[in-house]
Amino acid sequence: MAFERDIEHYSRHLPWGGASGDGDIVLFGVDYSSATFVMTIADEPGGTTKFTLDNQTAGTQGVSAILEDPYTHPVTGEEDIATVVTLQIDEETFEGLSDWATPPEPLTFYYDLLATPSGAPQEAVCFGTFTIYPGVGD
């Protein structure tokens with residue numbers, strides 16, 4: 001079942017996710033390490049797509065997933081398998097958005113992350129708003 005997760009990113013002059021872990025999503029108790037992922041960011045639900053992330057190698061813009069076995073749940077202490085899904089959006093993508101006003105103001109988009117596990121139908125993982133603040137630098 002999909003969950004809502006609103007995201008805030010505090011500068012268009014920085015990447016988001018990746019090695020920082022800010023974009024990590026842990027799917028506890030399932031192995032989605034070979035799933036196909038797609039994350040679509042749009043100006044409104046059902047609106048114009050701004051950019052899309054798909055499966056990529058860790059460390060590059062996109063979605064990567066690894067299986068951790070065992071994984072210890074940080075709240076319950078329970079051990080099970082878990083898929084760590086890492087999302088990464090590069091600085092150039094944020095800077096390249098044509099929606100920035102002069103002077104720039106925060107931009108709010110909408111997103112969803114879909115997964116197609118091996119041999120199973122596509123499902124929604126999470127969804128929400130994605131707000132990007134312009135930042136002060138540059």
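Where is Gly119 found? In this predicted model, Gly119 lies in the loop between S9 and S10. Gly119 has a relative accessibility of 90%, and therefore counts as exposed, the threshold being over 50%. The two strands form a hairpin with six residues between them, in which Gly119 takes a positive phi near 75°. Ala35 is 84 residues away from Gly119 in sequence, yet their C-alpha atoms are 9.1 Å apart in space.

The chain as a whole can be described before its parts. Its secondary structure comes to one helix and ten strands. Along the sequence the pattern is β-β-β-β-β-β-β-β-α-β-β. The radius of gyration is 16 Å, close to the 14 Å given by the globule rule for 138 residues, so the chain is as compact as a globular protein of that length. Along the principal axes, the C-alpha atoms fill a box of roughly 50 × 30 × 25 Å. Buried residues account for 36% of the 138 residues. The accessible surface is about 7,600 Å², and 50% of this belongs to carbon and sulfur atoms. Of the contacts between residues at least 6 apart in sequence, 62% join residues at least 24 apart.

Strand S10 has several pairing partners. S9 and S10 run antiparallel and are joined by nine bridges; within this pairing, Leu114 stands opposite Ala124 in S10. Strand S1, residues 3–4, runs parallel to S10 and is joined to it by two bridges, with Cys126 in S10 as the bridge partner of Phe3. Strand S2, residues 7–9, also pairs with S10 in the parallel sense, over three bridges, and the partner of His9 is Ile132. Seven of the ten residues of S10 are buried, so this strand is largely enclosed by the rest of the structure.

A second hairpin is formed by S7 and S8, with six residues between the strands. These strands run antiparallel and are joined by nine bridges. Glu79 in S8 is the bridge partner of Thr72. In the turn, Gly77 has a positive phi of about 80°.

Beyond its neighbours within four places in sequence, Met39 is in contact with Ile7, Phe51, Thr52, Leu53, Leu87, Tyr111, Asp112, Leu113 and Phe130.

How many aromatic pairs does a search of the whole structure find? The search finds four. Phe94 is buried at 0% relative accessibility, and Phe130 is buried at 1%. Together with Trp16, Phe94 and Phe130 form one aromatic cluster.

Technical notes:
Residues are numbered from 1 along each chain as its sequence is written. This is a predicted model: local features need pLDDT of at least 70, side-chain atom pairs count only at pLDDT 80 or more; totals for chains, interfaces and linings use all residues. Side-chain values use heavy atoms; hydrogens and water are left out. Contact means heavy atoms within 4.5 Å. Helices (H or I, at least four residues) and strands (E, at least two) are DSSP runs, numbered from the N terminus. The radius of gyration is taken over C-alpha atoms; the globule rule is 2.2 Å times the number of residues to the power 0.38. Buried means under 20% relative accessible area, exposed over 50%, partly exposed in between (1.4 Å probe, protein chains only). Accessible areas come from the Shrake-Rupley method with a 1.4 Å probe; for residues, only the protein chains shown count as cover. Two strands pair if DSSP finds at least two bridges between them. Rings of Phe, Tyr and Trp (its six-membered ring) pair if their centres lie within 6.5 Å; planes under 30 degrees apart count as stacked, over 60 as edge-to-face and the rest as tilted.
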